[in-house]
Amino acid sequence: MDLITLVIPAFNAEHTMGRCLDSIIKQSYEHLEILIVDDGSLDGTKAVIQEYAKEEKRILLISQSNQGVSAARNTGIRHASGRYLLFVDADDCLEPDMVETLYQIYQRYPDLGLAVCGYDEVVGEQRHIPRLQYPSDMSQIEFLRNIFGLYSIKGFLFNKLFRMDIIKEKNLQLNEKIYICEDLLFCFEYGMQIDQVMCSHALLYHYVINDESATHRSYSWKRFTAVRAFEKVKKEIEPLGDQRLTDAVDAHYIIICIQLFKRIFAKNKNLSGDEMRQILSVLRKMNLKFFFSEWPLKYKTAYFFLKCMLLFWRKE
C-alpha cells in the first residue's frame, strides 16, 4: 500500500481546521501522511492542530513565519514522503472515499500521469454543483485545454492526485511571486510533463468559497501577478502549436484582464497607470475569437466595450 501525502497550508484557520481534519481522518484509504504547514497563524490554528495530533499520529505539523500559501505548499512538497501528493485547503472537506478513489485510478493505470475527480462549491449554507464537462480519459493536450476551460476540471490543485516522482524529478513547485492563478500555473507546468490523465466524475471534494479569501478581495498589486502567470503560459504553449489550446488560454486571459480592469479602475478611476496600460495592451492584441467562446455574455459584452474603447484610446 503506497503512502499518500496530504499537504494542508493553514493560516488563521482555527474555525475550519477541525472540520477539514475530521474529513481527512475518516478517509477509507488509511495509509496517509497528513502534513500541515502553519503559515504564521495569529489565531488558535496551531493549538487546534496540536490537539488533533495528540490522537492522530499521522498528522505532522510544520510551523513557519507567514510567507504566503505558495511558500507553505512548497514547504509541504519538500517534506512530503508519499508516493502521491494531494493538496487540501484548510477551509474545505473531502468525501470519505476521495483518496481511495483517486488512488484506485493509479492502480488501474500504473503509468498514468495524473488522477482527477469532480468537486462541488459551498457558499455559506448553500451547495452548488458546477456544470463540469470533461472526458474520463485525456491526452496531455486535452488536459491542458481543459484546465483553462470554463466548464471543466479547472486549474485547481485540490481535485488532483499528483505523482511525487514527477514533481521531484522536474523540480516543480508553486511560484511564490505569483499570488493569483499560481495553482493554475502549477497544474499547467505539471501537465507539460505527463502523457495521460484519467478522471472520475464523482464530486469528492467540497470547495468552500469564502468572500474574505484572496480571490474575492478588492484590488491589490498581488492580483496583477496573474498577468505574469498567463504570460508565462502563453510563452510555453507556443511550441506546441495547438490552436484550440491557444484559444482556450487567450479566452481565460481575457477574463483575467477584464476582472483586473474593473478593480483597477474602481480603485484609481483612470487609465494611465502602468498596470492598467499593460492590461489594455494585452486586450488590444487579443483577437475576436473570444466572442465564440463558452464564457458568459457579460464578459463578451465587457470585452466588446473595451475593444471599442481601445479604438479611440491613444497609446503614449
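This is a predicted model: local features need pLDDT of at least 70, side-chain atom pairs count only at pLDDT 80 or more; totals for chains, interfaces and linings use all residues.
I started with Tyr109, which is partly exposed because its relative accessible area is 33% (buried is under 20%, exposed over 50%, partly exposed in between, with a 1.4 Å probe and protein chains only). I found Tyr109 in the loop between helix H4 (98-108) and strand S6 (114-123). Helices (H or I, at least four residues) and strands (E, at least two) are DSSP runs, numbered from the N terminus. I also checked Tyr109 against Val197: they sit 88 residues apart in sequence and 9.7 Å apart in space, C-alpha to C-alpha.

Residues are numbered from 1 along each chain as its sequence is written, and side-chain values use heavy atoms, with hydrogens and water left out.

Next I looked up Gln64, in strand S3 (residues 59-64). Is Gln64 buried or exposed? Gln64 counts as buried, because its relative accessibility is 14%. Its side chain makes a polar contact with the side chain of Thr75, at 2.7 Å (a pair of N or O atoms within 3.5 Å; within protein, one must be able to donate a hydrogen and the other to accept it, and residues adjacent in sequence count only if both atoms are side-chain atoms). Leaving out residues up to four places away in sequence, Gln64 touches Val37, Asp38, Asp39, Gly40, Ala71, Ala72 and Thr75 (contact means heavy atoms within 4.5 Å).

Then I went to the helices. The axes of H5 (residues 140-147) and H7 (residues 182-191) come within 10 Å and cross at roughly 170° (axes are lines fitted to C-alpha atoms, for helices over the stretch in contact, and angles run from 0 to 180 degrees between N-to-C directions). So H5 and H7 are roughly antiparallel to each other (that label needs an angle over 145 degrees). Gln140, Phe143, Leu144 and Ile147 of H5 meet Leu184, Cys187, Phe188 and Gly191 of H7. By class, I have six nonpolar, two polar and no charged residues there (Ala, Val, Leu, Ile, Met, Phe, Trp, Tyr, Cys and Pro count as nonpolar, Asp, Glu, Lys and Arg as charged, the others, Gly among them, as polar).

My last pair was H8 (residues 225-237) and H9 (residues 243-268), whose axes come within 10 Å and cross at roughly 165°. H8 and H9 are therefore roughly antiparallel as well. Their contact has ten nonpolar, two polar and three charged residues.

Note on methods: Angles under 35 degrees count as roughly parallel, over 145 as roughly antiparallel, 65 to 115 as roughly perpendicular and the rest as oblique.
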